[in-house]
Amino acid sequence: MDVSRSAPPLRPPEHRVDPRALRWWTLRAVLIVAAVLAVETAALTVLGSGWLVAALVVTVPVGAGYVVVMPRWRYRVHRWESDDYAVYTLSGWLSLEWRVAPISRIQTIDTEHSPLQRLFGLASVTVTTASSAGPVRIEGLDAHEAAALVRELTEITQHEQDDAT
């Protein structure tokens, strides 16, 4: 990378994820809460213990709150951006994580289309770097936008002179 170029100032990423991500995260939350309730109900049926009733009584309102709050909060927080210098992400809902992956450190760029993501026309892009903090992940992108981002990042990294280590 040419060190004579000056990098843009650090700021929160510009782009929101696709609005359909809200429905995707909500469905995932419903499935998680339903699975927990099913296990607790099965255990209550088999074991018939009073503490399992208490667990169900706690799980229902906590699970409902999770289904209602988490997807909306994530949608308000999640942002991403890429330029000639780096890929930027802001993600989370309880714990927020702001990640910057310099273009010169990118080793691989992957796209994921889980069955639920395909249902909503979404995809996730994972940018793997030499960082010990792990990959930078952008969830909830429109599938076509994700493909365009992967193409753009691939082209930018091809022009990079460093070896991404």
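The structure is a predicted model, in which local features need pLDDT of at least 70 and side-chain atom pairs count only at pLDDT 80 or more, while totals for chains, interfaces and linings use all residues. Residues are numbered from 1 along each chain as its sequence is written, and side-chain values use heavy atoms, with hydrogens and water left out.

## The chain as a whole

The chain holds four helices and seven strands, where helices (H or I, at least four residues) and strands (E, at least two) are DSSP runs numbered from the N terminus. Read from the N terminus on, the elements follow the order β-α-α-β-β-β-β-α-β-β-α. Of the 165 residues of the chain, 39% count as buried; buried means under 20% relative accessible area, exposed over 50%, and partly exposed in between, with a 1.4 Å probe and protein chains only. The chain exposes about 9,500 Å², of which carbon and sulfur atoms supply 62%; such areas come from the Shrake-Rupley method with a 1.4 Å probe, and for residues only the protein chains shown count as cover. Among contacts (heavy atoms within 4.5 Å) between residues at least 6 apart in sequence, 57% join residues at least 24 apart.

## The sheet

Four strands, in the order β1-β2-β3-β4, form an open sheet with antiparallel pairing. Because β1 (15–16) and β4 (97–102) stand at the edges, each with a single partner strand, one side of each is left without a neighbour in the sheet. Two strands count as paired if DSSP finds at least two bridges between them, and the table sets out the bridges for each pair.

| Strand pair | Bridges | Residues that stand opposite each other |
|---|---|---|
| β1 and β2, antiparallel | Two bridges | His-15 and Trp-80 |
| β2 and β3, antiparallel | Four bridges | Ser-82 and Val-87 |

A hairpin of three residues joins β2 to β3.

Helix α1 (residues 20–47) has 28 residues and reaches 41 Å from its first C-alpha to its last, close to the 40 Å expected at 1.5 Å a residue; the expected span is 1.5 Å times one less than the number of residues. The buried residues of α1 include Trp-24, Trp-25 and Val-33, and what covers the buried residues of this helix includes α2, α3 (115–120), β6 (122–129) and β7 (136–142). Just after α1, Gly-48 takes a positive phi of about 60 degrees.

Helix α2 has 28 residues and reaches 39 Å from its first C-alpha to its last, close to the expected 40 Å. At Val-69 this helix bends by about 25 degrees, and a proline, Pro-71, follows within four residues; the bend is the angle between axes fitted to the seven residues ending at a residue and the seven starting there. Among the buried residues of α2 are Leu-52, Leu-56, Gly-63, Met-70 and Pro-71. The buried residues of α2 pack against β1, α1, β2, β3 and β7.

Thr-89 lies in strand β3 and is buried, with a relative accessible area of 2%. Not counting residues up to four places away in sequence, Thr-89 touches several residues, including Pro-13, Trp-80, Trp-98, Val-136 and Ile-138.

Thr-157 is found in helix α4, and at 19% relative accessibility Thr-157 counts as buried. Not counting residues up to four places away in sequence, Thr-157 touches Ile-103 and Ile-106. The C-alpha atoms of Thr-157 and Thr-108 are separated by 9.7 Å, with the two residues 49 apart along the chain.
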